[in-house]
There are 2 protein chains.
Amino acid sequence: MITNFYHDPAVDAVLISPRQMEIRLRLPSHTVQVRLLYWNKYKLEHYGIQSQPMFLWAESEGYKYYRVVLTGMESRIRYLQYKFEYESGGERVWLHSDGVKHTAELKGGFSLSYAGDRDAVHPPDWISNRVWYQIFPERFSNGDKDNDPENTEPWGSIPTRDNHMGGDLQGIIDRLDYLGILGINALYLNPIFSATSNHKYDTTDYFTIDPQFGTADDLCRIVRECHERDIKVILDLVINHCGYYHPFFQDVITKGEQSEYKEWFYINHYPVTRSEENYDSVGYYQWMPKLRTSNPAVQQYIFDIVSFWQKESGIDGWRIDVADEVEISFLRELKSCVKRINPNAIIIAEIWDDAKRLMLSGAVDSVMNYELRTLLFDYILDRSITLRQFHARLVHLTHRYSLAELHQMFNLLGSHDTERILTRCGLNDENLLLLLAVQFMLPGNPTVYYGDEIGMTGDNDPYCRASMPWEELSLDHPLFRQLRFWIGRKKTDSALQNGEVELQFFEEFECYLIRRFNESQDMRLLVNFSSAEVQLKPIYQKLGMVGGSCVYRSSELDEADAILHPREFHLYQTTI
Amino acid sequence: MITNFYHDPAVDAVLISPRQMEIRLRLPSHTVQVRLLYWNKYKLEHYGIQSQPMFLWAESEGYKYYRVVLTGMESRIRYLQYKFEYESGGERVWLHSDGVKHTAELKGGFSLSYAGDRDAVHPPDWISNRVWYQIFPERFSNGDKDNDPENTEPWGSIPTRDNHMGGDLQGIIDRLDYLGILGINALYLNPIFSATSNHKYDTTDYFTIDPQFGTADDLCRIVRECHERDIKVILDLVINHCGYYHPFFQDVITKGEQSEYKEWFYINHYPVTRSEENYDSVGYYQWMPKLRTSNPAVQQYIFDIVSFWQKESGIDGWRIDVADEVEISFLRELKSCVKRINPNAIIIAEIWDDAKRLMLSGAVDSVMNYELRTLLFDYILDRSITLRQFHARLVHLTHRYSLAELHQMFNLLGSHDTERILTRCGLNDENLLLLLAVQFMLPGNPTVYYGDEIGMTGDNDPYCRASMPWEELSLDHPLFRQLRFWIGRKKTDSALQNGEVELQFFEEFECYLIRRFNESQDMRLLVNFSSAEVQLKPIYQKLGMVGGSCVYRSSELDEADAILHPREFHLYQTTI
């Protein structure tokens, strides 16, 4: 039996601090009594063999999933070896690196190396209670008419790929009170450096704020005022590519092979004209030529950008645009640079697919969790998979990372690159309320895309980038109220910040349970995904729960906790 | 069904050049007709869906193991998505990132990102035909009596942990003709920088050759003369720790908290005296205090060492001592530094257990493959596992890496840190001949520890470090002859250098087959591990082989290829 398909020490053991290793294990469902045994290979006689029970957090498709955090016996994790002990078919067995054994020998244990100071997951010390709010600056709020570009169209115009409506940094400052009412405590701004387009992903000058948005002073004010309100601020770092009109690329166009910048790009043919064949670009989009980050001059240029803005404005980190197309080698170097200036800065990578390679490489702290979004939509909105399949995929996704990494995931339902979430929900508020409940209960930092909280709608780009309708704003909007509720929960409930996760499904009732808990709090979200009423008693019995701990119901139809209505959820809480 | 236990895109897809991705897949044994389908997500209409058959290289424990190399459709791998197509129970199905599907949709394909220039496996251009020879300098050859330390004992004395016998760099130069007869073409020298002990792992000056061994000039001469003979040379880099008498550590001992070097180490208590509690060291061995590689000053110091010797002597790379205890973050930076000076330098990590984490991190090129050694001993020498278990573990080990990575593994049977291989074999030449055959047939660079080729014996340190008995040397020693044979094969047969590997076992006969092949050559090693004679006809029939292609037999008893004697092997070769 090949053990590493149950536990791969290179993948399923993650250093979550210089003293702590989180260890994941998957075993066949018939196994019970699972413990981690560990010992110091040089000091076995002194310390002996120690053991810890492992926590069973899910069962799916014939397997049980376990986690445990191993804390170093000394100043740090080192020289430890470990194996797993469990019962299988009534017999006690041990899983070693070289197989399952039937005797309690130590040979072949898995090994941990000495933990490097910098090799651990290093979450920013402020991350655990954050809810992100993403702002597309051109469309959030126009605070300064003087910097509006020519041909600015009236606020509320239909968004096109090219038009401008005048949003700017002063507008963001003006609306901080509003954001305070909503309760969010972290801001992610789409690009604000000088660029040609309205989205500013085609940078022409990385060292200035786009004049249509304001000045470096405005950015400093945003950061200062946000920090006074305990709101963190990160910017969009677009270094996979620059804009076609960036002077270095223009230099290559003008001077061809004589340009000192020709090695900054991936030029295929000279002379360089704007065509697909002539140079590499992002997604074959020739307005955005790809930067060659293996060139030390490019590296230094980007380090200078990052250093300049971190020092100038005191921002709290970066979201890396199309990070999955940037050299991982460079992303690691970039992370060193960012963290040297501010060890508590965060780096969040844009990626639309499986993020494991990026996370495993230690190149980023967190990713835009589009993969989770896809899964939630497949089941909750599209019903293209069964509850059993949903559970299997959610367990799989949760098993791919340590809890420490999951706790800092950027969990989004939509962005400037997708249709609006309410539109994706078929304008069905109820669907969106279900999504929000699941989004806030799962480990990670929930994200709100500006305007989603008041039910803005629109198809994908450009329609998801409409101007925020400040005139029609109602803080009584059910979405706004529900978001305030969940944001409040995330900010106050430690179980949602750092708690374990447990996942369970009830196939016969088509109900799903997400549990989060720590030593002081125990929270359970129970959702009825079926179209029938579900009697709660049998579920309570299975879970050993008392219904009276229900602290929130999504419907007001309930009768004394007896029934969970179709597409309704209950939130239960026990303070320990 | 959770697909990623069959293919984990973060682990089982390895960029082996900026244009090539090697993809591994494990499927249940009942599946057939396995193909990789791939397409460009932006250019589907232009290129369509392309496909390649996957190569089945082993079957074990209910699974089939496949590989394929995907070559970019354009200048490099980018924007590709892929899925696997196969037949299962007579039905055609597709394995996607989100599960097994029964329709030919494209949604949910695995994604490849744009390949970073530096993210690929980058084998030195000289590695494929190399056989390493490891020299422990104090005991290999005494070429210069003038540099012998005081109290040097006569050559041939019983080795102790402390004694000296006068081996030096001039001795190595003197014996290059001998190494030429053996045929090896890569040298790994144990440490040669100034240090206190006879093994020199307790460095006191990284910038000088230990005077007992010679001078920087001697090293330059070794490298020059080796390069003239097409022999590569690597040195031992001991940067996890330095020696207790290194002046920087002595400074901490003398000045305590006032020392400018106190942050170079892991000091736990002041004043610092030589005790286990006071500072971290390697394996609690207080003569070797651990260096703090997260300190930028330490990093720069080590970069300076590496740069100095690479430029001064032209060496071809480094073996990193106890690499699994060094920060991976630092190893990556070290690799950048080494490769910047010489892109064809190799970095080989010492590690005794699973090497996947180090390899996956891109921090090293290769590792000392002690894990393979353990497996070979478990079956071939100790018979503590069955042939079926041996096969399962060998398949597992081979499935953990890309072929490109396997091709540069440092495959050793013994070293200065183990008992001598002949001693480990119970002084049984026949066992050792079997081990050599398997060692040379598997992907990677075989390694000879000095003196093993003439049957030196000895238990682990200090007895494995005896002086080379030049007086009694016989080039007619059967081990020497056999090694010459295999080394010749490795240097001339391209299938052993870059070929695919195929593994197969015949349980009923207790025979094992290792096949290596490429487009020009097909080699098969067939070994009888049983204690009975095996009729070859049924095996030939199973394999569709003609016995006449046998080019080497380990026994002279054979009768016209009809029988494989106990613990005998045949080597078959077909030139295509």
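This is a predicted model: local features need pLDDT of at least 70, side-chain atom pairs count only at pLDDT 80 or more; totals for chains, interfaces and linings use all residues.
Local features need pLDDT of at least 70 and side-chain atom pairs count only at pLDDT 80 or more, while totals for chains, interfaces and linings use all residues. Residues are numbered from 1 along each chain as its sequence is written, chains are lettered from A and ligands numbered from 1 in the order in which they are written, and side-chain values use heavy atoms, with hydrogens and water left out.

Along its principal axes, the C-alpha trace of chain A spans about 75 × 60 × 45 Å. Of the 576 residues in chain A, 65% are buried (under 20% relative accessible area, with exposed over 50% and partly exposed in between; 1.4 Å probe, protein chains only).

Within chain A, eight strands form an open sheet with parallel pairing, in the order 20-19-18-15-12-11-22-21. Its edges are strand 20 (366-367) and strand 21 (410-411), each of which pairs on one side only. Two strands count as paired if DSSP finds at least two bridges between them. Strand 19 (residues 346-349) is joined to strand 20 by two bridges, and A:Ile348 stands opposite A:Ser366. An antiparallel pairing is found between strand 16 (residues 281-282) and strand 17 (residues 285-289) of chain A. These two strands form a hairpin with two residues between them, and A:Gly283 in the turn has a positive phi of about 60°.

Some loops also deserve a look. A:Ser29, in the loop between strand 2 (20-28) and strand 3 (31-40) of chain A, is 32 residues from A:Glu61 in sequence but 8.5 Å away in space, C-alpha to C-alpha. A:Glu61 itself lies in the loop between strand 5 (55-60) and strand 6 (63-71) of chain A. Its phi is near 50°, a positive value in a residue other than glycine, and A:Glu61 is partly exposed at 34% relative accessibility. The peptide bond from A:Asp461 to A:Pro462 is cis, with omega near 15°; in chain B, the bond from B:Asp461 to B:Pro462 is cis with omega near 10°.

Finally, helix 10 (residues 370-381) of chain B has ten of its twelve residues buried, so this helix is largely enclosed by the rest of the structure. Among the buried residues are B:Tyr370, B:Arg373, B:Phe377 and B:Asp378. Their cover includes helix 11 (387-399), strand 21 (410-411), helix 13 (421-424) and helix 14 (429-441) of chain B. Just after helix 10, B:Arg383 takes a positive phi of about 50°.

Terms used
Helices (H or I, at least four residues) and strands (E, at least two) are DSSP runs, numbered from the N terminus. Contact means heavy atoms within 4.5 Å.
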